[in-house]
Amino acid sequence: MPPKSKYIIVQLASVISGTTRIWIRERTAPKAEGIFFDPATFLYATLFLVGREVLFEEVKKVKVQVWTPIAAAVIAVILTILFLFRRLGSKKRILILGLNDAGKTVLFSKLINKNLNFETYTSLKANEFDEYKNIYGQEISLVDYPGAQRLRKHLFINYFGKERRNIKGVVFVVDSATFNKKASDVAEFLYDVLREIKDGSSLLVACNKQDSQLAKSSQAIKTTLEREIGLINSSRSSALQSTAGNESRNILTTSGRNFQWSDLPKIKIDFLDCCINKEYRAENGEILSSDIVRKWIDGIKA
């Protein structure tokens, strides 16, 4: 019996649709996974069906009758080169994040086509549009990620982990009308985003639903979040110290309760009032709509 090959063939499957593809890895290596184009996932936007890149994970080994180590090695090299080439050529992304019902998917649809009246519902998977063009003519991928807390692990592993270098900016949508009730939840999510986003990135806190009588202004939200993030900083720092953890890697800043936005000079952070689902004239005469967010995104070079 010939010796076992150093390489094996495995089958990967999309975590979203179950679409499969073949991959090769070393026999002793951990189970394979990677970001690949999945034609079975799509978003109905205008009149186009748009596939997107998603996480594929190894589901089983594939048995073959004849497989030589040399052939396996050659194919492994070819697939690796193709994979790296695809990753290097990946489009830059703008993530649209926030709690459920903040207006993320409405914003996403308006950025694709401002004339769309998009009926939204709570989703358990991301929407992605790869053909958004900024004012520089560069194509940027827009990603509308669900707000459910149980899905955040995948958000941070995938987009802020494997795809971190492709993230150019984040639009963090806040429901200004319910902000008083959800301030701590908003701050907790935003805290983790700020901790994971790479230096040099841009982040917009889009204070949506300014047409509501209960809406808090972007300045009020900015002040409250600064205080809430300071409290999170302090509590997490205390918890890490009590367990002898590595404090600097697990907290946002070392300023603790005294956190200020100026403590994050390497991230461009903006707060803007907006009304995503319609045009709303504010008391100062400014028209608040999704165009405010569009202009902010258009200012980011891919």
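**Reading a predicted model: annotation, confidence and aromatic pairs**

UniProt, in an unreviewed entry, places the feature "transmembrane region" at residues 6–24, 36–54 and 66–85.

Trainee: What does the model show for residues 6–24?

Mentor: The model is predicted, and the annotation comes from a record that may be inferred rather than shown by experiment. In the model, residues 6–24 are 0% helix and 68% strand, and their end C-alpha atoms lie 10 Å apart.

Trainee: Where does pLDDT stay under 50?

Mentor: pLDDT is the predictor's confidence in each residue. The chain has a mean of 83, with 79% of its residues at 70 or more. Over residues 42–50, however, pLDDT stays under 50, and the model has 17 contacts beyond four places in sequence for them.

Trainee: How many aromatic pairs are there?

Mentor: Ring centres within 6.5 Å make a pair, and planes over 60 degrees apart make it edge-to-face. The count here is 5 aromatic pairs. Tyr145 is in the loop between β7 and α3, and Tyr159 is in helix α3, so the pair ties together parts 14 residues apart in sequence.

Trainee: Is Tyr145 buried or exposed?

Mentor: Tyr145 is buried, at 4% relative accessible area, and Tyr159 is buried at 3%. Another pair is Phe172 and Phe189: with centres 5.3 Å apart and planes at 70°, it is therefore edge-to-face. Because Phe172 lies in strand β8 and Phe189 in helix α4, this pair ties together parts 17 residues apart in sequence.

Trainee: Which charged end sits over the ring of Phe189?

Mentor: That of Arg152, 3.9 Å from the ring centre. Phe189 itself is buried, with a relative accessible area of 1%.

How values were computed: Residues are numbered from 1 along each chain as its sequence is written. This is a predicted model: local features need pLDDT of at least 70, side-chain atom pairs count only at pLDDT 80 or more; totals for chains, interfaces and linings use all residues. Side-chain values use heavy atoms; hydrogens and water are left out. pLDDT is the predictor's confidence in each residue, from 0 to 100. Contact means heavy atoms within 4.5 Å. Helices (H or I, at least four residues) and strands (E, at least two) are DSSP runs, numbered from the N terminus. Rings of Phe, Tyr and Trp (its six-membered ring) pair if their centres lie within 6.5 Å; planes under 30 degrees apart count as stacked, over 60 as edge-to-face and the rest as tilted. Buried means under 20% relative accessible area, exposed over 50%, partly exposed in between (1.4 Å probe, protein chains only). A charge sits over a ring if NZ of Lys or CZ of Arg is within 6 Å of the ring centre and within 35 degrees of the ring normal.
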